[in-house]
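Hi,

Here is the model I promised to pass on.

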Amino acid sequence: MNIIFQTWPWYVSGFLIGMIMLSLIYFGKAFGMSSNLRSLCSIAGAGKYVSFFNFDWKSQRWNLLVVLGAMLGGFVAVHFMNDPSNVDINPKTIAQLAQLGIDAPNGKLMPEALFGAQIWQSPKSILILLIGGILIGFGTRYAGGCTSGHAISGLSNLQLPSLKAVIGFFIGGLIMAHFLLPLIF
């Protein structure tokens, strides 16, 4: 059981993701998390009002299980397999976060200042979450998919739009980390 509780090397995780992608390609399926939001909206009846949601969501039922599995896996990992001793963050990153007033995660994956329960007490934090959520939703729809769909599934299928999207994701992440994050905090 120790192998399950340890951080896996990139070549093991990458190999497993590659095998999953090969099997999805073999069965003619495309992976992506954001497409499940479209399915959920279709299930809820949004297709009556917006034609984008008017499609056969039943053909995508298997992908809804991926979301359920991701949520269940995240819950199990956090509550039963959490080992803070294997979280190793670059000291330069910790120093840069400290300059912004963000504490080091101290063995957690995410700092409390950004992801703790106290963010719901600050109107600024709530506004940041709201604006960020809207921008992520808009960007996902504008790019025709999310990071997992483009970076994992799209690149596995050698799709040029996915390559362009992934390059855009990285550029956007660099701009956010180096220029916008210091302005926000």
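This is a predicted model: local features need pLDDT of at least 70, side-chain atom pairs count only at pLDDT 80 or more; totals for chains, interfaces and linings use all residues.

Residues are numbered from 1 along each chain as its sequence is written, and side-chain values use heavy atoms, with hydrogens and water left out.

The chain has nine helices and zero strands, where helices (H or I, at least four residues) and strands (E, at least two) are DSSP runs numbered from the N terminus. The C-alpha trace spans about 50 × 45 × 35 Å along its principal axes.

Now the packing. Two packed helices are described by the angle between their axes and the distance between the axes. The axes here are lines fitted to C-alpha atoms, over the stretch in contact for helices, and angles run from 0 to 180 degrees between N-to-C directions. Angles under 35 degrees count as roughly parallel, over 145 as roughly antiparallel, 65 to 115 as roughly perpendicular and the rest as oblique. A crossing is left-handed if the near helix is turned anticlockwise from the far one by less than a right angle, and right-handed if clockwise.

Helix α3 (residues 34-43) and helix α4 (residues 61-80) have axes that come within 10 Å and cross at roughly 115°, so the two are roughly perpendicular to each other. Their crossing is left-handed. The contact (heavy atoms within 4.5 Å) is made by S35, N36, S39, L40 and I43 of α3 with N63, L64 and V67 of α4. That divides into four nonpolar, four polar and no charged residues; Ala, Val, Leu, Ile, Met, Phe, Trp, Tyr, Cys and Pro count as nonpolar, Asp, Glu, Lys and Arg as charged, and the others, Gly among them, as polar.

Helix α8 (residues 147-156) packs on α9 at an angle of about 135°, with the axes 9 Å apart, which makes α8 oblique to α9. This crossing is left-handed too. On the α8 side the contact uses T147, H150, A151, G154 and L155, and α9 brings P161, S162, L163, A165, V166 and F169. By class there are seven nonpolar, four polar and no charged residues.

α8 also meets helix α2 (residues 10-26): their axes come within 10 Å and cross at roughly 60°, so these two are oblique to each other. Here the crossing is right-handed. I17, M21 and I25 of α2 touch I152, S153 and S156 of α8.

Finally, the largest pocket, with a volume of about 1100 Å³. On a 1 Å grid over the protein atoms alone, a pocket is an open set of points where a 1.4 Å probe fits, with protein on both sides within 12 Å along at least five of seven lines, and lining residues have an atom within 4 Å of a point. Grid points are joined across faces, edges and corners, and a volume is the space filled by probe spheres set on the points. The lining has 31 residues, with G132, G133, L135, I136 and M176 nearest the centre. Two or more residues each come from α6 (112-115), α7 (123-143) and α9 (160-184), and α7 gives the largest share, 14 residues.

Cheers
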